Amino acid sequence: MKKLILFLSLMVSVAITSFSETTNFQLGLTPTLNIGGEEEVVGLRVPVFLGATEKVTGVDFNIFAGEVDEFTGLQGGIFLGMGIFNKVNIKFKGAGLGLINLHGGESKGLLIGGANLTNEFTGLKVGIFNYSKLNSNYEVGIINYSKEAFFQFGLINITDQINGVQIGFLNFASNGILPVMPFLNFNWKL
């Protein structure tokens, strides 16, 4: 009788979790194979070879590469605490540590990496190469590029529109004091 009750309890719990829309842990082996296979993770996700899922809230600890549509939390990985390749397609909020951080859509928070490639970013990016297709608040790196920026600090800073200050060896801003300035450039109309 005890075995029957244990078996029925196990079957009910499996049935309930199979209809659940979230999971607390996911191991992403490939883009199409996720152990803990729900599309929403609230907890820990460990993508191995470009593990892909829809939404993660929590920690994303990449072995090689991970892809997610919406992310809130901390992205890191096995390489000195950094993920090798962190990709967020639609929305990011949190801290991302990666050799390459590739973010489409809207991103808010902190990115630290070799290359931080974003669409629209609010927060601080620290990297060797920082790129924003649209706008970025604060960029600290060797080369910084953003269509619109508030603060850039690096060797080479490039923006179409500076709404604050650029500090670096060469600073390019269409609306700066001059379009190209060494050491310091800012929008003199501010």
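Two strands pair if DSSP finds at least two bridges between them. Helices (H or I, at least four residues) and strands (E, at least two) are DSSP runs, numbered from the N terminus. Before you click, note that this is a predicted model: local features need pLDDT of at least 70, side-chain atom pairs count only at pLDDT 80 or more, and totals for chains, interfaces and linings use all residues. Residues are numbered from 1 along each chain as its sequence is written, and side-chain values use heavy atoms, with hydrogens and water left out.

**Stop one: a hairpin**

Start by selecting β6 and β7. They pair in the antiparallel sense, over seven bridges. Together β6 and β7 make a hairpin, with six residues between them.

Is phenylalanine 183 buried or exposed? It counts as exposed, because its relative accessibility is 57% (buried means under 20% relative accessible area, exposed over 50%, partly exposed in between, with a 1.4 Å probe and protein chains only).

**Stop two: the largest nonpolar core**

Now select Val41, Val56, Val68, Phe71, Val88, Phe92, Leu111 and Phe121: these eight residues are the largest nonpolar core. Such a core is a set of buried Ala, Val, Leu, Ile, Met, Phe, Trp, Tyr and Cys residues joined through side-chain atoms within 4.5 Å. β5 (65-77) and β6 (83-173) each supply at least two of its residues, and the largest share, four residues, comes from β6.

Zoom in on valine 56. Beyond its neighbours within four places in sequence, it is in contact (heavy atoms within 4.5 Å) with Val41, Arg45, Val68, Glu70, Phe71 and Thr72.

Next, click leucine 50 in strand β4. Here is another positive phi in a residue other than glycine, near 55°. Leucine 50 counts as partly exposed because its relative accessibility is 29%.

Where does isoleucine 63 sit? Look in the loop between β4 (49-62) and β5. Isoleucine 63 is partly exposed, with a relative accessible area of 29%. Leaving out residues up to four places away in sequence, isoleucine 63 touches Val46, Pro47, Val48, Ile78 and Ile84. To finish, draw a C-alpha to C-alpha line from isoleucine 63 to glycine 76: they are 13 residues apart in sequence and 9.0 Å apart in space.
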